[in-house]
Amino acid sequence: MGHAGRGDEALARDAGSCPARRDIARWFSLAVCLVVTVSLSWGVLASAGEEPVLAPLFTLRSLDGCDVSLVDYRGQVVILDFWASWCHPCLEAFPALHALQETYANQGVVLLVVCFDKTEEDARNYLLEHGYATSNVLWGSLEEARAVKESLGADAVTHAFLIDRRGFIRYSGHPAMLTAEILEPWLQ
């Protein structure tokens, strides 16, 4: 029998009993920490005085069936989040991004979510079950979502952008690092 149905305790005990598994687990943990650290640091650096880049335009269909184009939001501050219901870091950052947008909604801040779920139903079911709107969640297809991610240069699904009122990217990085302090200068 494989690992199916076994608890975390049993898996941890098995990993601890084999030196090769311990080494693999140690290297994997170090790699994950390095990727997270670089991602978080890059987001902060990207928002700190680099020459802004114009966000590439795209159009995707929302889960509500409407075509949504980034250009339609010129004049507003856009939080653009790449997200999937199967992505644990995405789910952890999601409530904070929604709260940030809600705090500044009356100042023209909108949240657009490019979804990487395999099906619209997977995304819709998660969002509705957890009380989130679906009108700002863009799916289209997995291939279209990947094309948008690549056009923006995002290297992971867990990635957010802050786009100013003129369409320039002012933040690029982990969604958990996008704070009010980063957002507020672009509200004028």
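Which residue in β5 is the bridge partner of L80? The legends below, which describe close-up views of a predicted model, begin with that pairing.

**View 1. The pairing of strands β4 and β5 in the sheet.** The bridge partner of L80 in β5 is L112. Strand β4, which covers residues 77–83, pairs with β5 in the parallel sense, and seven bridges join the two. Helix α3 (residues 88–104) packs on the sheet and touches both β4 and β5, with a direction that makes about 165° with that of β4.

View 2. Six strands make up an open sheet with mixed pairing, and their order is β1-β8-β7-β4-β5-β6. The edges are taken by β1 (53–54) and β6 (137–138), and because each of these has a single partner strand, one side of each is left without a neighbour in the sheet. In general, strands of a sheet pair through backbone hydrogen bonds, either parallel or antiparallel.

**View 3. The largest nonpolar core.** This core has 51 residues, and those with the most contacts inside it are L80, F82, W83 and V114. Strand β5 (residues 109–115) supplies the largest share of the core, namely seven residues. In soluble globular proteins, nonpolar side chains tend to be buried together.

**View 4. The surroundings of F82.** When its neighbours within four places in sequence are left aside, F82 is in contact with C90, V114, F116, V148, K149, L152, A154, V157, T158, H159 and F161. One of these partners, V114, is listed together with F82 among the residues with the most contacts inside the largest nonpolar core.

**View 5. The salt bridge between E120 and R124 in helix α4.** The side chains of E120 and R124 meet in a salt bridge, with a distance of 3.8 Å from N to O. Because the two residues lie four residues apart in helix α4 (residues 120–129), E120 and R124 are separated by about one helical turn. With a relative accessibility of 28%, E120 counts as partly exposed, and R124, at 23%, also counts as partly exposed.

View 6. The structure holds three salt bridges, one of which joins R61 to D67, with the closest N and O atoms 3.3 Å apart. At 41% relative accessibility, R61 counts as partly exposed. The side chains of D164 and R170 also meet in a salt bridge, at 2.8 Å from N to O, and here both D164 and R170 are buried.

Technical notes:
Residues are numbered from 1 along each chain as its sequence is written. This is a predicted model: local features need pLDDT of at least 70, side-chain atom pairs count only at pLDDT 80 or more; totals for chains, interfaces and linings use all residues. Side-chain values use heavy atoms; hydrogens and water are left out. A nonpolar core is a set of buried Ala, Val, Leu, Ile, Met, Phe, Trp, Tyr and Cys residues joined through side-chain atoms within 4.5 Å. Buried means under 20% relative accessible area, exposed over 50%, partly exposed in between (1.4 Å probe, protein chains only). Contact means heavy atoms within 4.5 Å. A salt bridge is a side-chain nitrogen of Lys or Arg within 4 Å of a carboxyl oxygen of Asp or Glu. Two strands pair if DSSP finds at least two bridges between them. Axes are lines fitted to C-alpha atoms, for helices over the stretch in contact, and angles run from 0 to 180 degrees between N-to-C directions.
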